[in-house]
Amino acid sequence: AHALADFASGQIVRYTHPESGENIRFQPQQLQYTNDLDQIQAIANPQSVNAVVQNEDELYWTGAFGPGFDIRWQAQTARLDKRLMVDQASRFPAPEQFILDGGNPVLRLQFIFALSNGLDIYVNDVLWTRQPNSSVDTQGYIEFRVAATGETAWHFNLPRSAGAPVEDQDPDELLGTFRLRRTGSKLFVEHRIPIAWLQVADYPIEIDTTI
C-alpha cells in the first residue's frame with residue numbers, strides 16, 4: 001500500500017498485489033449531494049492538505065474536504081481502513097429543494113479508480129463488464145479479482161456508516177449503498193448515504209470505505 005501526502009494530488013492511494021503485481025489506484029472527488037435524477041449540489045472539493053503519520057500505521061488528512069471533514073487511513077493486518085470523519089452536522093449545507101424533489105437524496109463520497117489490465121471487477125459475484133455509461137448498485141461486496149487466476153486480490157467492506165455511541169441506546173449505524181459507474185472512460189466508486197440519516201445521526205460520524 002502506498003499513499004501520496006497531498007490529498008489533492010490525484011491518485012493518492014495505490015494498492016499493489018504482491019503475487020501478481022496488479023494494482024488499483026484511487027483519486028478523491030468532490031463531496032456532493034445527488035438524487036435519482038443525478039442532479040448535483042456541491043459540498044466540498046478535495047483540499048491540498050498533507051497527511052500526518054500517527055501510531056506508525058495511520059495517515060490523517062485533517063480538513064481533507066475542509067474544516068470538520070477529515071480522512072483517516074489505517075493499514076491494519078487484514079484491511080486498509082479508510083474513513084471520512086465529520087465532527088458535527090452543521091458542516092453539511094442544507095440540501096437545495098431540487099435535490100430533495102429528485103427522489104432518494106443522498107450524500108456521495110466518490111473516488112475515480114483505475115485498474116491495471118489484469119484485474120476484473122465482480123459485484124455480488126457477478127462480473128461487471130464496465131460498459132460505457134453503465135452503473136451497478138450494491139449493499140454487498142465488490143471484489144477485484146486477478147483475471148489470470150480468479151483470485152480475489154481485494155474487496156470492499158460493506159458500505160457502513162456509524163454515529164457516535166450514545167449511552168443506553170443501540171449503535172447509530174447505517175448500511176448505505178455502493179455504486180460503481182463508468183462515465184466516459186472513467187470508473188467511479190461512490191458510497192451513497194441518505195441525507196435523512198445525516199440529519200438525525202449522533203455526531204461525530206464515520207463513513208467507511210474500507211478495502
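**Charges across the predicted model.** In this predicted model, the mean positions of the 16 positive and 27 negative charges of the protein lie 9 Å apart. Lys and Arg count as positive, Asp and Glu as negative; His and the chain ends are not counted. Each charge is placed at NZ of Lys, CZ of Arg, CG of Asp or CD of Glu. Residues are numbered from 1 along each chain as its sequence is written. Because the model is predicted, local features need pLDDT of at least 70 and side-chain atom pairs pLDDT 80 or more, while totals for chains, interfaces and linings use all residues; side-chain values use heavy atoms, without hydrogens and water.

**The overall fold.** The protein has two helices and 20 strands. These are DSSP runs, numbered from the N terminus: helices are H or I with at least four residues, strands E with at least two. The C-alpha trace spans about 45 × 40 × 35 Å along its principal axes. Among contacts (heavy atoms within 4.5 Å) between residues at least 6 apart in sequence, 57% join residues at least 24 apart.

**Surface and interior.** Of the 211 residues, 50% count as buried. Buried means under 20% relative accessible area, exposed over 50%, and partly exposed in between, with a 1.4 Å probe and protein chains only. The protein exposes about 10,300 Å², and carbon and sulfur atoms supply 46% of it. Areas come from the Shrake-Rupley method with a 1.4 Å probe; for residues, only the protein chains shown count as cover.

**Aromatic pair F7 and F65.** The structure holds 12 aromatic pairs. Rings of Phe, Tyr and Trp (its six-membered ring) pair if their centres lie within 6.5 Å; planes under 30 degrees apart are stacked, over 60 edge-to-face, the rest tilted. F7 and F65 are edge-to-face: 5.3 Å centre to centre, with 80° between the planes. This pair links distant parts of the chain, 58 residues apart. F7 sits in the loop between β1 (2-3) and β2 (13-16), F65 in the loop between β7 (58-61) and β8 (69-75). Both F7 and F65 are buried.

**Aromatic pair F156 and F178.** F156 and F178 form a tilted pair, 5.2 Å centre to centre and 45° between the planes. F156 lies in the loop between β15 (152-155) and β16 (160-162), F178 in strand β18 (residues 177-183), 22 residues apart. F156 counts as buried because its relative accessibility is 3%. F178 has a relative accessible area of 1%, so F178 is buried.

**The ring cluster.** Ring pairs link Y15, F26, W73, F111, F113, F144, W154, F156 and F178 into a cluster.
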